[in-house]
Amino acid sequence: MSDITLVSEDGKIEVSRPTNSNLSALQYHFVRLDTSEEVVACGLNEKPLGILQDAPNGSSTEKVATVRIQGMSKLSIAETVVFGNFLTSTAASKGEVCDAAGEEYGAKALTSGESGDLIAVLIAHGEVEATDA
């Protein structure tokens, strides 16, 4: 396991983790760790580690990804979202409304927006209960 760099500022916690993936188009998208403990894009309804804060391309000079795992962040969304919605990952690592009981979410919307927008979210992990859906 590699060293983990933690940064905490105003309740934000970020980790720096290695990546061999090209994440250059995924700033402010959900990411997760693979079996090699490297940062990769989240797939459909996968449990995220957090939200990518930079855009490394996985080359020899950009092999470290900064992931916010606690606090507020921006998140790119794939559909209409309203304040308070729980959000899960699309196949393209964007946020979408998590509305079925048993689905896992990675953030809660702090603002509303439409497909393609960047919205403010609180990083929060959990599972939607029947009363939340």
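Predicted model: local features only at pLDDT ≥ 70, side-chain atom pairs only at ≥ 80, totals over all residues.
The secondary structure of the protein consists of ten strands and zero helices. From the N terminus on, the order of elements is accordingly β-β-β-β-β-β-β-β-β-β. The radius of gyration is 14 Å, which agrees with the value near 14 Å for a compact globule of 133 residues. Taken along the principal axes, the box filled by the C-alpha atoms is roughly 45 × 30 × 25 Å. Of the 133 residues, 41% count as buried. The accessible surface comes to about 6,800 Å², and carbon and sulfur atoms account for 49% of that area. When contacts between residues at least 6 apart in sequence are considered, 52% of them join residues at least 24 apart.

In soluble globular proteins, nonpolar side chains tend to be buried together. In the present model, the largest nonpolar core has 13 residues. Within this core, the residues that touch the most other members are Phe30, Ile51, Leu75, Val81, Leu87, Ile119 and Val121. Strands β9 (104-109) and β10 (118-127) each supply at least two residues of the core. The largest share, three residues, comes from β10.

With its neighbours within four places in sequence left aside, Leu87 is in contact with Phe30, Leu75, Val81, Ile119 and Val121, among others. The contacts of Leu87 also include Glu96, Val97 and Cys98, as well as Tyr105, Gly106, Ala107 and Ala109.

Leu87 belongs to β7, from which Leu87 and Ser89 point one way and Phe86 and Thr88 the other way. All four of these residues are buried. Strand β7 runs antiparallel to β9, to which two bridges join it. In β9, Ala107 stands opposite Leu87. Strand β7 also runs antiparallel to β8, and here the two strands are joined by three bridges. The bridge partner of Leu87 in β8 is Val97. Both Ala107 and Val97 are also listed among the contacts of Leu87.

Strands β7 and β8 form a hairpin with five residues between them. Ser93 is located in this loop, between β7 (86-89) and β8 (95-97). The phi angle of Ser93 is near 75 degrees, a positive value in a residue other than glycine. Ser93 is buried, and its relative accessible area is 1%. A positive phi also occurs at Glu37, which is not a glycine and has a value of about 60 degrees. Glu37 is found in the loop between β3 (30-33) and β4 (39-41). Glu37 is partly exposed, at a relative accessible area of 33%.

Side chains of opposite charge can pair when their charged atoms come close. The structure holds three salt bridges. One of them is formed by Glu14 and Arg68, with 2.4 Å between the closest N and O atoms. Glu14 lies in β2 (residues 12-18) and Arg68 in β6 (residues 64-76), so this pair ties together parts that are 54 residues apart in sequence. Both partners are buried: the relative accessible area is 14% for Glu14 and 10% for Arg68.

Glu37, described above for its positive phi, forms a salt bridge with Arg17 at an N to O distance of 3.4 Å. This pair links the loop between β3 and β4, where Glu37 is placed, to Arg17 in β2, the two residues being 20 apart. Arg17 is buried, with a relative accessible area of 4%, whereas Glu37 is partly exposed.

A further salt bridge joins Arg32 and Glu46, whose closest N and O atoms are 2.8 Å apart. Arg32 is part of β3 and Glu46 is in the loop between β4 and β5 (50-52), so parts 14 residues apart in sequence are tied together. Both residues are partly exposed: the relative accessible area is 24% for Arg32 and 28% for Glu46.

Key: Residues numbered from 1 in each chain as written. Heavy atoms only, no water. Core = buried A, V, L, I, M, F, W, Y, C linked by side-chain atoms within 4.5 Å. Buried < 20%, exposed > 50% of the residue type's maximum accessible area, 1.4 Å probe, protein only. Helix = DSSP H or I, 4+ residues; strand = E, 2+ residues; numbered from the N terminus. Contact = heavy atoms within 4.5 Å. Pairing = 2+ DSSP bridges. Rg over C-alpha atoms; globule rule 2.2 N^0.38 Å. Areas by Shrake-Rupley, 256 points an atom, 1.4 Å probe, with all protein chains shown as cover. Salt bridge = Lys/Arg side-chain N within 4 Å of Asp/Glu carboxyl O.
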